[in-house]
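I opened a new page today to record what I looked up, item by item, in the structure shown below. My entries go from the surface to the helices and then to the charged pairs.

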Amino acid sequence: MTNRLRTEIQEEEEVEEVVEERRPARELPDNFFTQLFTKGFLTTEKATNALPFVLFLALLGMVYIGNMHYAEKSVREIDALTKEVKELGWDYKSTKADMAFKSTLTEVAKRADTLGLSQSVDPPGKITVKEDTDGN
């Protein structure tokens, strides 16, 4: 018993011939790039040898771009903090002026009136203590 399927496939393969159509080679235009790659100035060996340097340059470019983004972010943060410091300075100055106004004698007297306290009309008196001659 032979494998009938295998023999049929082999017979079909023998019958079919592979027909390859070859196109005529296109003529390359004579410009800078074709001369650069075909005249031997830039070969695959030279390109392979230069690959580590090209990768190093790419790494330096990425580090440069990252550094620029970091610097711009830092500048934006500094600007925001500068604005916040100015606002806090204005708040401090207005609070200080308000406190100076509220601590004046007339303002304190007005606020004390609401609590039921009043300012003394009599001038302050001097208290004197007599010493005993006993020595006690």
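**Entry 1, surface patch.** I began with a definition: patches are made of residues with over 30% relative accessible area and no salt bridge, where like charges are joined within 9 Å and nonpolar side chains (Val, Leu, Ile, Met, Phe, Trp, Tyr) within 5 Å. A salt bridge, in turn, is a side-chain nitrogen of Lys or Arg within 4 Å of a carboxyl oxygen of Asp or Glu. Accessible areas come from the Shrake-Rupley method with a 1.4 Å probe, and for residues only the protein chains shown count as cover. With these terms in hand, I noted a nonpolar patch on the surface formed by Phe 53, Phe 56, Leu 57, Leu 59, Leu 60, Met 62 and Val 63, which together have about 710 Å² of accessible area.

I am reading a predicted model, in which local features need pLDDT of at least 70 and side-chain atom pairs count only at pLDDT 80 or more, while totals for chains, interfaces and linings use all residues. Residues are numbered from 1 along each chain as its sequence is written, and side-chain values use heavy atoms, with hydrogens and water left out.

I found four helices and zero strands in the chain, where helices (H or I, at least four residues) and strands (E, at least two) are DSSP runs numbered from the N terminus. The predictor's confidence in each residue is given as pLDDT, from 0 to 100, and I noted a chain average of 84, with 82% of the residues scoring at least 70. Confidence is lowest in helix H1 (residues 4-15), with a mean of 65, and highest in helix H3 (residues 44-102), with 96.

Residues are called buried under 20% relative accessible area, exposed over 50%, and partly exposed in between (1.4 Å probe, protein chains only). I noted that buried residues make up 3% of the 136 residues in the chain. The chain exposes about 14,400 Å², of which carbon and sulfur atoms supply 59%. Leu 60, which lies in helix H3, is partly exposed at 41%.

How many salt bridges does the rule give? I recorded two. In one, Lys 102 pairs with Asp 98, and their closest N and O atoms are 3.5 Å apart. Lys 102 and Asp 98 are separated by about one helical turn, because they are four residues apart in helix H3. Lys 102 is partly exposed at 37% relative accessibility, and Asp 98 is partly exposed at 38%.

In the other, Glu 107 pairs with Lys 110, with the closest N and O atoms 3.6 Å apart. Both lie in helix H4 (residues 105-114), three residues apart, about one turn of the helix. Is Glu 107 buried or exposed? I noted Glu 107 as buried, at 16%, whereas Lys 110 is exposed, at 53%.
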